[in-house]
Structures are given as C-alpha cells and as structure tokens.
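Reader: I would like to learn how to read charged side chains in a model. Please take me through it step by step.

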Amino acid sequence: MHQSADRLRPTDWFSREEIATLTRRSNARGFLAISTVWLSIAATLAVCVVMPHPIVWLLAVIYLGNRQLALAVLEHEAAHRTLFRHRWLNDHLTDWLCARPIWQHVGKYRSHHNRHHKHAGLADDPDVSLYRSYPSTRAGFARKLLRDMSGLTMLRVVLGLALMDAGVLRWTVANSVERLPQTGRRWWSYPQRFLRNAMGVLITNALLAAVLIELGHGWLYGLWVAAFMCSFPVFVRIRSIAEHAMLPGGPDIRTNTRTTRAGWLARITVAPMHVNYHLEHHFMASVPYYRLPRLHRMLRERHRITAPPGYAAVLAAASGRSVLPQPELP
C-alpha cells in the first residue's frame, strides 16, 4: 500500500541526520550562484561585441533566455529561503538581483507558490492553467511555440504584469486572470500604484541599460529585451509542461509532479540550476537546488522513484505524438 502525500513525509524515507545534511543552506553558495549567472550574462554580451554577427546575436538571445530563467529559479529558491541562510538575503538581495530584472517579486511569488505546493495536482492548484491544456495536437503545440518565439505571448504577459502592478488584476504567475475591485479608485491611483509596484523592474533595467550605454554598447540591451520577449517564454512553457503536465494528478507527489532527465542541451536552454529535479523539490522543498541531484540519487537507490523521461519524450507527448507511461509507485 502506498502512502498518500498528506501522510508522506521526508522522515518516512530518510533519517533526521540525512535530512539535516540535505537541507543545509550556504550563504557562500547563494552568492556564488547569483554571481555566476550575472557573469555569464556579461560574458554573453561581451561575445556579441567581439563577434558582431547575426548568428551570434541569435544564439545570445537564446542563451540569455536561459539566464533569465536561471534568475527565476534563484528567485524560486529565495521564495523557499533555501538560497541563503539569512532571511534578509533571500527576501531582499535576491529580490533585487534576480526577481526585479525579470519583472518578478520574491514576496508575491512566495505567497503564490506556497499555494501551488499545497495543492499541486489538485483543482485548487493556482498554477493549473499553465499545464492543464496538454496534451495538445501537433498544430496546436506549434502555434503555442510560435506565439512564444514571436513575442506575442510575452506582450500579453507584460500587459498583465502592468495591470497587476496598477492594482487592476490579482498578482499571479499563471495564465488565470482575476480582476480586483476598483470601487473608489481615482484615475491617478492607477499610475501611482503602478510606479510604486513596478519601481524595482524600472530601476534594475534602467541600471542595466545605463551600464551598457556607458560602455558604449547600449544596443546590447535590445538583446536582453529580445530574450525576455522571445526565448524566455518558450523555456518557461517547456519547464511548466515538464513539471506537471500529462500526469494523473492526485495528492501523491509521484503522480502529480515529474522530474525530467536533462542533457547538456536542456541545461543551457530549459533546465538551468537543476530545475529539472522537480519531484525531488516537491518532496522536500527545503533542499537547496544544488543538492537536488543528490536527493534524486538517494531516492533512486532506495527504489522510491523510477527513471525519469527526457525532455524530448515529454514534448513529444505534449504535442500528441506519443504517450508517456504512467508513473510507477515503487
């Protein structure tokens, strides 16, 4: 008989000493993670200056989308307070260095994401709109990706973010839209609320643009925007599909959440910072991202989970070209 998720606890499978080792946080690792992502962004932009060619710029847009997703993953870590040992570093430093540059907010994301962990696989999951429409047809899936790559998806997202910051819509990272009551509001309250809530994204992006302009290469900021509009949404979509789509659901994490095998190509596109180990994350959300591979190996060695599919298999199933086998519960 298999335990349900409301009774399944890490202590059922691991000793308290093992849990303490797996969940140990490190300020040094947090600083290293953020520094590495921003240094790789700087290096990518530098390559575009040294090798000014359209193919190089295209590859840079693709990779910068991966780096923006990496910033989102670090924001996610901070929302769980696993990136740093100290609360202030998770709540504020990561907010400004990771979340704000990609129009996110650690505190708001934490509130939303905690509900996702509580209700994953159930009707009350606030992220269900991100993955419930799969599997799709080949044509339908291709249209979604084309909208992402063309920037149309992100135009809609940016409009939604602006309306959320203006207090018109409830804040969310999902596709569902909920209008907020506007009784008693005057016209000037909308730009006031927007500026107050969006100040972080405006400041961080203005600083990034100003640095590039000061270096004599302000045009590089266009690559950052192009990645945000075109490659970043593709990677976010694929990440969401891989994590929860086409699963039976229910309360057990082994039937509502998926880990996906990531090769080198996936790691430089859709799966930075070990984000592909999603089942392990839902099983023990207090484990920092860099220990998720170790947790995965321990679960496999103890025959608690089975071998995960790769991204190619998941995307084939999402586009209706094949069917993934149902998760086995060892």
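Reader: Is Arg239 buried or exposed?

Author: This is a predicted model. Buried means under 20% relative accessible area. Arg239 counts as buried because its relative accessibility is 13%.

Reader: What does a charged side chain do for a partner?

Author: Side chains of opposite charge can pair when their charged atoms come close. Here Arg239 forms a salt bridge with Glu243, with 2.8 Å between the closest N and O atoms. Glu243 is buried as well, at 8% relative accessible area.

Reader: How many salt bridges does the count come to?

Author: The count comes to 8. Among them, Arg100 meets Asp95 at 2.9 Å, N to O. Arg100 is buried at 12% relative accessibility, and Asp95 is buried at 4%. Asp252 and Arg254 also meet in a salt bridge, at 3.0 Å. Asp252 has a relative accessible area of 7%, so Asp252 is buried; Arg254, at 6%, counts as buried. Salt bridges can also link up: Arg81, Asp91 and Arg110 form a network.

Reader: Which side chain of opposite charge is nearest to Glu77?

Author: That is Arg239, 8.1 Å away. Glu77, in helix 4, is buried but has no salt bridge. Beyond its neighbours within four places in sequence, Glu77 is in contact with Thr82, Leu83, Val287, Pro288 and Tyr289.

Conventions: Residues are numbered from 1 along each chain as its sequence is written. This is a predicted model: local features need pLDDT of at least 70, side-chain atom pairs count only at pLDDT 80 or more; totals for chains, interfaces and linings use all residues. Side-chain values use heavy atoms; hydrogens and water are left out. Helices (H or I, at least four residues) and strands (E, at least two) are DSSP runs, numbered from the N terminus. Buried means under 20% relative accessible area, exposed over 50%, partly exposed in between (1.4 Å probe, protein chains only). Lys and Arg count as positive and Asp and Glu as negative; His and the chain ends are not counted. A salt bridge is a side-chain nitrogen of Lys or Arg within 4 Å of a carboxyl oxygen of Asp or Glu. Contact means heavy atoms within 4.5 Å.
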